[in-house]
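Open the model in your viewer and keep the selection panel at hand. The tour visits helix packing, then the ligand.

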Amino acid sequence: MKMNVMGAVSGLALLVSTAAVAEPTAEVLHYWTSGGEAKSVAVLQEEFAANGGTWTDMPVAGGGGDAAGTALRARVLSGNAPTAAQIKGPAIQEWYEEGVLADISAVAEANNWAEVLPASIAGHMKCEGTWCAAPVNVHRVDWIWANAEVLAANGIDMPTTWDEFNAAAAKLQDAGIIPLAHGGQAWQDATVFEAVALGILGAEGYHKAFVDLDTDTLTSDSMKAVFDQMRTMRGYVDSNFSGRDWNLATAMVMNGEAAFQIMGDWAKGEFMAAGQVPGEDFLCISTPGEGFLYNVDSFAMFDVGGDDKKEGQALLAELVVGKNFQEVFNLNKGSIPARTDVALDAFDSCAHLSAADMAASNEGGSLLPSYAHGMALRGAQSGAITDVVTAHFNSDMSSDEAVEMLANAIANSL
Ligand code: GAL
């Protein structure tokens, strides 16, 4: 076949122009599939499109992101990594060590991330001094959510100690109301467990147990008391709890079938997406005890070829840390901005409480990473703890047995 000169020239021109104005594209793997989460991720999709980007959505359903983590691993191992994925905490550094992440330092430096992010959050986004992830928010994990009308009708105030929680739950149960909306999935058991642990162990004890993995703390009488409280709470859950998704548990609180849910503030995103008003329809209070368990969602970019994808990664990173996105996304998501320079005027009372408590706990040394949401430990260790927590919750295992199992599981995971 003969190619004429014109054909060769226009082919070349096409190549050159594609390279020069590569349109940003991104295939984004995430696990934001509930009502509130879908509204939140739509904000990002819209901003990305408004800036000339083409978004390919790869949602993997499953709260807490376990299924998304498995899907991501399969994609990367088969040499077909997505352009961006929702990963967080030490998993970012684990992926970095596998040599598969892209360096986004140029975007971070051009946009002054070091200035606008708190050092504690920035630390999670760095890999050997380079920027390897972009934070979108700060979720707080240690919350109790409640149906305002159900509490009022039963003469119950929001509990401020675990004893008060238990007394309220017993009263509600007598009144035929499910005290605790819960979904029996390992990550949800872990979510409740770490909130109880923070309250009973205190901030220092929590740190020793779930950051330092200190054996004495893991097997202490206080840790036995944590498992005792979990056993008590097992009695406040309805018989259909097994396997229930977290957002369906939130819906039980919304419709008054259940009174309380212990869940991170992505639950607030569900209440809000359903048009409910904090302080009126639903109430929020931090779980009993001092401290703040943080859970920062972020995106990491994978080292993929193609100018369009690289442009997409740069645009995505710039947008997610951008001021506008941080405000609008977090209004929907239930979290607060990761940036320190976003005004909270448009945010609700629960968000204000979160921001105030985060600042105070940062001062007081009780701002702590959530182990249940992958902020404190690497996967092997957090998985080992969660296996014990869920085995205990779903059996008649004693607290003595649970702490022994906990210490062994950690020892074997190291
Ligand atoms: C958390 C995540 C939140 C939310 C939640 C339920 O781990 O940080 O953004 O998605 O799981 O899936």
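Select α18 and helix α19 (residues 399–413). They pack at an angle of about 160 degrees, with axes 9 Å apart. Axes are lines fitted to C-alpha atoms, for helices over the stretch in contact, and angles run from 0 to 180 degrees between N-to-C directions. Helices are DSSP runs (H or I, at least four residues), numbered from the N terminus. The angle makes α18 roughly antiparallel to α19 (over 145 degrees). The crossing is right-handed (the near helix is turned clockwise from the far one by less than a right angle).

Now show the side chains. Contact (heavy atoms within 4.5 Å) involves residues of α18 including Ala 380, Ile 385 and His 392, and residues of α19 including Ser 399, Leu 406 and Ser 413.

This is a predicted model: local features need pLDDT of at least 70, side-chain atom pairs count only at pLDDT 80 or more, and totals for chains, interfaces and linings use all residues. Residues are numbered from 1 along each chain as its sequence is written, and side-chain values use heavy atoms, with hydrogens and water left out.

Finally, go to the ligand. Which side-chain N or O atoms lie close to its oxygen atoms? Asp 297 has one at 2.7 Å. Trp 32 has one at 3.0 Å. Lys 333 places a polar side-chain atom 2.7 Å from a ligand oxygen.

Terms used:
A polar contact is a pair of N or O atoms within 3.5 Å; within protein, one must be able to donate a hydrogen and the other to accept it, and residues adjacent in sequence count only if both atoms are side-chain atoms. Helices (H or I, at least four residues) and strands (E, at least two) are DSSP runs, numbered from the N terminus. Angles under 35 degrees count as roughly parallel, over 145 as roughly antiparallel, 65 to 115 as roughly perpendicular and the rest as oblique.
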